[in-house]
Amino acid sequence: MSALAAKDPHFYCRFSVDDEDRLVNIFWQDGNSYVDYMCWGDVLVFDSTYNTNVYDRPLVLFVGSNNHRGSILFGVGILGDETADTYTWLLSTFLDSMKGKKPTAMIMDGAESMHIAIGRVMPEARHRLCSWHLSRKAHTNLNSKDVEKAFNGCMNKFQTVQHFEEMWEVMLQEFELRNHFWTTWMYGRRQLWAQAFFGDVHMTGMRSTQRSESMNNFVKDTLGAGKKILVDIVPQMDRAQMRLRNNQVRDDFNTMNSFPVIETHLEDLEGHAASTYTYDVYKWVKKEIMKEKFLVTKGFQAVAEDDHSVHKMANFKRQQYVHEVVYYHGRLTTDEEALEEAVLPPIMVCTCNMFQYKGVLCRHMFMLMKQENMSKIPRSLIMKRWTRNAGSMGDIEYPDGQNMDKEALEVSRFGALTGDCNRMCSYASKTTKGYSMLKKEIARLTALIEGLVKDSEQVHVCDPQPERTGCVIRDSVVVKKKGNQNQETGRRLITCSYCKGAGHNIQSCGERKEKEREAAKQQSVGEDNLPSVSTPAKKVYHCGK
């Protein structure tokens, strides 16, 4: 940790120890993770994985999604147990590392301890149960593919609460589940898993912890075979972070230096989407444009009071499910402070709530734009986190740095400059002249900025911290993890019978050897009152459980 902190001034690490100074919980994240969280920390996936370390402790990953819909890692934690108090400590530490910024929503599995901890630390954040875990539980409790399909439809379809209630009632009657214990229990918790209750919550389109599960597999692949000790896990996780960021730079380069082929019937709107969004999000939007041709108009109503209209439409195959798009027409208004005219962009709100949930336009909005002869997507319907220049969100809105500390301000400036330089470098790399010109300018500006930093730098000599006697952090002990222990294969875990640490035995125990050296040194200077045995009694150093 000290080596990482030396090369990254914004590195963050916090840990806790027990009464015997053994490591219990630890959390760490680097400076780039802070910038990523400020840009894309609106939705957080919170999950744990196992079989990564010799201590059998859960490895907890904080995962999110960037503007390419790719996975990013905000922080890593290793916990001593999975109680609500431990998760509360971890979430509080995570928020402290992110300067108190809370996500708008969180996705987790059905662990009750996680649910309690999120309620304690982030009561404002909406948390949703993982749909993948619920599908597995439905397979176990319903024992019918037709019932599972009906349940998954109620859980995942973009619909109103009324439509959900109707579909749920049809499922209960068709399969005679009215007195079924599991369906009754799940209906009581429907606000935590049914898509109809998350229409007004921005979730970046995520509804399961599969992104975290994929990250778990990615991390295990990076760590390699076998269980690791802590000194092996930390640099390997740093290497995994580098691989993820290389993927993001690659996606940025491909998006800035390519343009897709226009294929749909709404050429102008698709072209504008292709030039605005990243390539992966553009493919998302393109699917909605293609599905627009399956819609039919069901009604129209104009309201003169506030200059808006209501458009009703439905899929021609399922016309009983009607969606409404409320369209507020753009108009001119007078800004009393600036005394000049400003254009109010048009606003659309659809009852399917796809824009609120995913951040991209739905097929119903595209049908309305076609009817209104729009050639471009209104700027009020473009969410910046999905655009090509979403990285510029790194310059967080602290104009003079008065509302944040110096380190956080430096990290945000670094993120903003990195996003701007990536675009400049992509253009300069296309020509030899541009490459040579930029190389010279970089060398000149680097020397200039370095001189400015040296002139403004003030060296502060901190008071030396008092020596900590007897507070050396000792290795963690092996804990009993949840799950089936009989599934473990491979070699038996080695545990030291002297210090109870993992990964070594009494012959190679560093603590035992250090005690022997101290005893020999004191005996050589004539302190005869010391015990003559080289190894102290085990019961004195035994780790009580």
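## A buried arginine without a salt bridge

In this predicted model, Arg-57 is buried yet takes part in no salt bridge. The nearest side chain of opposite charge belongs to Asp-18, and it is 6.6 Å away. A salt bridge requires a side-chain nitrogen of Lys or Arg within 4 Å of a carboxyl oxygen of Asp or Glu.

Arg-57 is found in the loop between strand E3 (43–49) and strand E4 (59–65). A polar atom of the Arg-57 side chain lies 3.2 Å from the backbone oxygen of Val-24.

Strands of a sheet pair through backbone hydrogen bonds, either parallel or antiparallel. Strands E3 and E4 belong to an open sheet of 7 strands with mixed pairing, in the order E1-E2-E5-E4-E3-E6-E7. Strand E1 (12–17) and strand E7 (126–129) stand at the edges with a single partner strand each, so one side of each is left without a neighbour in the sheet. From one strand to the next, the twist averages 20 degrees.

E1 and E2 run antiparallel and are joined by 6 bridges. Within this pair, Val-17 has Leu-23 in E2 as its bridge partner. The hairpin of E1 and E2 has 5 residues between the strands, and Asp-21 takes a positive phi near 60 degrees there. E3 and strand E6 (residues 105–108) run parallel, with 3 bridges between them; the bridge partner of Val-45 in E6 is Ile-107. Helix H2 (residues 31–40) lies across strand E2 (23–29), E3, E4 and strand E5 (71–78), and runs at about 125 degrees to E5.

## The sheet of four strands

Another open sheet has 4 strands in the order E8-E9-E10-E13, with antiparallel pairing. Its edges are strand E8 (295–303) and strand E13 (347–350); each has a single partner strand, so one side of each is left without a neighbour in the sheet. The twist in this sheet averages 20 degrees from one strand to the next.

E8 pairs with strand E9 (residues 308–315) in the antiparallel sense over 8 bridges. In this pairing, Ser-309 in E9 is the bridge partner of Ala-302.

## Salt bridges

Side chains of opposite charge can pair when their charged atoms come close. The model contains 16 salt bridges. One of them joins the side chains of Arg-385 and Asp-42, at 2.9 Å from N to O. Arg-385 lies in the loop between helix H14 (363–371) and helix H15 (406–428), and Asp-42 lies in the loop between H2 and E3, so the pair ties together parts that are 343 residues apart in sequence. Arg-385 counts as buried because its relative accessibility is 3%, and Asp-42 counts as buried at 17%.

A salt bridge also links the side chains of Lys-312 and Glu-324, at 3.8 Å from N to O. Lys-312 lies in strand E9 and Glu-324 in strand E10 (residues 318–328), so this pair ties together parts that are 12 residues apart in sequence. Lys-312 counts as partly exposed at 34% relative accessibility, as does Glu-324 at 29%. In helix H17 (residues 510–524), Glu-514 and Arg-517 are 3 residues apart, so they are separated by about one helical turn. These two residues form a salt bridge whose closest N and O atoms are 2.7 Å apart. Glu-514 is partly exposed, with a relative accessible area of 36%. Elsewhere, Asp-30, Asp-36 and Arg-245 are linked in a network of salt bridges.

## The surroundings of Leu-361

Leu-361 is placed in the loop between helix H13 (354–358) and H14. Leu-361 has a relative accessible area of 0%, so it is buried. Leaving aside residues up to four places away in sequence, Leu-361 touches Tyr-277, Glu-288, Met-354, Phe-355, Phe-366, Met-369, Ile-377 and Leu-381. Leu-361 and Lys-286 are 75 residues apart along the chain, and their C-alpha atoms are separated by 9.8 Å.

Methods: Residues numbered from 1 in each chain as written. Predicted model: local features only at pLDDT ≥ 70, side-chain atom pairs only at ≥ 80, totals over all residues. Heavy atoms only, no water. Pairing = 2+ DSSP bridges. Helix = DSSP H or I, 4+ residues; strand = E, 2+ residues; numbered from the N terminus. Axes fitted to C-alpha atoms, helices over the stretch in contact; angles between N-to-C directions. Buried < 20%, exposed > 50% of the residue type's maximum accessible area, 1.4 Å probe, protein only. Lys, Arg positive; Asp, Glu negative; His and termini not counted. Polar contact = N/O pair within 3.5 Å; in protein donor to acceptor, adjacent residues only side chain to side chain. Contact = heavy atoms within 4.5 Å.
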